Amino acid sequence: MASALPHVTAENLMKIYRRGAEEIRAVNDVSLSIGEGEFVAFTGPSGSGKTTLINILGCLDNPTSGRLSIGERSIFGDGAPLGEGMLTDIRRDIFGYVFQKFYLIPTLTVRENVMLPFVFFKKMGAEAEVENILRLLGLDKRRNHLPGQISGGEMQRVAIARALVNKPRVLLADEPTGNLDSATSEEILNLLESLNRSGKTIIMVTHEPDVGARARHPNPQ
Ligand SMILES: Nc1ncnc2c1ncn2[C@@H]1O[C@H](COP(=O)(O)OP(=O)(O)O)[C@@H](O)[C@H]1O
Ligand SMILES: [Mg+2]
C-alpha cells in the first residue's frame with residue numbers, strides 16, 4: 001500500500017563501536033528523511049561509516065541510539081525493540097539489498113542465484129518473476145552460467161536482479177560500482193537510473209563522488 005509518509009526517517013542516529021578503550025563513532029548523529037521515488041547517495045571516504053549507515057537504514061543492524069522509522073512503523077528508538085519475526089518481514093517486504101561484495105553463490109547458476117530470496121522466504125509465484133527480472137536486466141542469455149563464467153558487470157546485474165526479485169519498495173546499494181571498471185560502472189548507473197525513473201526508491205553509498213553525483217538528491221557529507 002502506498003504511503004504518503006517518507007519511507008525512511010532517521011533522527012540522531014549514532015553507531016558507536018567499542019574496542020577496548022577505543023571508541024569508534026561509525027555513524028555520528030545522522031538525521032534524514034527519504035521519500036518514495038527518491039534516488040539518494042551518501043558519499044564519503046573508506047571508513048566513514050557508509051556501510052554501517054546503510055545497514056542500519058535497511059534494518060540489518062541496530063544503531064546505538066537515535067530513532068528509525070520506515071513508513072509509519074517505528075523500527076528503533078520508540079517503545080520496545082521489534083522482534084526478529086517482524087524484522088524479517090520488513091527486510092523481505094520493504095528492502096532489496098545489493099551488498100558491497102556481490103555475495104553470489106558460486107555453485108548456483110545465474111537463475112538460481114536470482115531465485116534465492118524465494119527459497120529463503122518460501123514465497124510462491126517465483127518462476128514468472130525470476131523470468132521477468134532476468135529479461136529486464138538483460139541476463140536471459142546468462143541464465144545457466146555460473147558466477148565464475150560471467151563478467152563483473154554481469155555479476156553486479158545478477159546481484160541487483162536478486163535484490164529486485166521480491167519487488168522491494170526500496171533498493172539499497174552498497175558501493176554498486178566499487179568492483180567495476182568505468183564502462184561497466186556506467187552501465188550499472190544507467191540501470192539504477194532507469195529503475196529509479198520507473199519509480200523505485202534507491203539509497204546508494206559510494207566512496208566515488210562522481211558516482212554519488214548521479215543520484216537525484218546527492219547528500220554530501
Ligand atoms: N563490527 C565492527 N566492529 C568495530 N568497528 C567496526 C565494525 N564495523 C565497522 N567498524 C568501523 O566503523 C567505521 C566505519 O566502517 P564502515 O561503515 O564499514 O565504513 P565505510 O563503509 O564507509 O568504509 C570504520 O572505522 C570501521 O573500522
Ligand atoms: Mg563500506
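## Briefing: ligand shell, buried residues and salt bridges

Glutamate 127 is partly exposed, its relative accessible area being 45%. Its side chain meets that of arginine 111 in a salt bridge, with 2.8 Å from N to O. Please keep in mind as you read that this is a predicted model.

**Ligand 1 and its shell**

- The residues around ligand 1 include Tyr17, Arg19, Lys50, Thr51 and Thr52, along with Pro45, Ser46, Gly47, Ser48 and Gly49.
- Strand S1 (8-19), strand S2 (22-34) and helix H1 (50-57) each contribute at least two residues to this shell, and H1 gives the most, with three residues.
- Lysine 50 places a polar side-chain atom 2.8 Å from an oxygen atom of ligand 1.
- Threonine 51 has a side-chain N or O atom 2.8 Å from an oxygen atom of ligand 1.
- On its own, ligand 1 has 560 Å² of accessible area, and the protein covers 65% of that.

**Aspartate 174, a buried charge**

- Aspartate 174 sits in strand S7 (residues 170-174).
- This aspartate is buried but has no salt bridge. Lysine 50 is the nearest side chain of opposite charge, at 6.7 Å, whereas a salt bridge needs the nitrogen and carboxyl oxygen within 4 Å.
- The side chain of aspartate 174 does make a polar contact of 2.8 Å with that of threonine 51, a residue that also belongs to the shell around ligand 1.
- Beyond its neighbours within four places in sequence, aspartate 174 contacts Thr51, Ile54, Val98, Phe99, Gln100 and Val205.

**Alanine 159 in helix H5**

- Alanine 159 lies in helix H5 (residues 152-164) and counts as buried because its relative accessibility is 1%.
- Residues up to four places away in sequence aside, alanine 159 touches Tyr97, Val98, Phe102 and Leu104.
- Glycine 96 is 63 residues from alanine 159 along the chain, and their C-alpha atoms are 9.8 Å apart.

- Cysteine 59 is not a glycine, yet its phi is positive, at about 60°. Cysteine 59 is in the loop between H1 and strand S4 (65-70) and is buried, with a relative accessible area of 3%.
- Tyrosine 103 likewise has a positive phi, near 55°. The loop between strand S6 (95-98) and helix H3 (110-121) holds tyrosine 103, which is exposed at a relative accessible area of 53%.

**Salt bridges**

- Arginine 169 pairs with glutamate 36 in a salt bridge whose closest N and O atoms are 3.8 Å apart. Arginine 169 is in the loop between H5 and S7, and glutamate 36 in the loop between S2 and strand S3 (39-43), so the pair ties together parts 133 residues apart in sequence.
- Both partners count as partly exposed, arginine 169 at 27% relative accessibility and glutamate 36 at 43%.
- Arginine 92 and aspartate 93 form a salt bridge with closest N and O atoms 3.0 Å apart, and aspartate 93 is partly exposed at 35%.
- Returning to the opening pair, glutamate 127 and arginine 111 form a salt bridge. Glutamate 127 belongs to helix H4 (residues 126-136) and arginine 111 to helix H3, so the pair ties together parts 16 residues apart in sequence.
- Arginine 111 counts as buried, at 19% relative accessibility.
- A network of salt bridges links Arg111, Glu127, Glu131 and Arg143.

Notes: Residues numbered from 1 in each chain as written. Chains lettered and ligands numbered in written order. Predicted model: local features only at pLDDT ≥ 70, side-chain atom pairs only at ≥ 80, totals over all residues. Heavy atoms only, no water. Helix = DSSP H or I, 4+ residues; strand = E, 2+ residues; numbered from the N terminus. Buried < 20%, exposed > 50% of the residue type's maximum accessible area, 1.4 Å probe, protein only. Lys, Arg positive; Asp, Glu negative; His and termini not counted. Polar contact = N/O pair within 3.5 Å; in protein donor to acceptor, adjacent residues only side chain to side chain. Contact = heavy atoms within 4.5 Å. Near = heavy atom within 4 Å. Areas by Shrake-Rupley, 256 points an atom, 1.4 Å probe, with all protein chains shown as cover.
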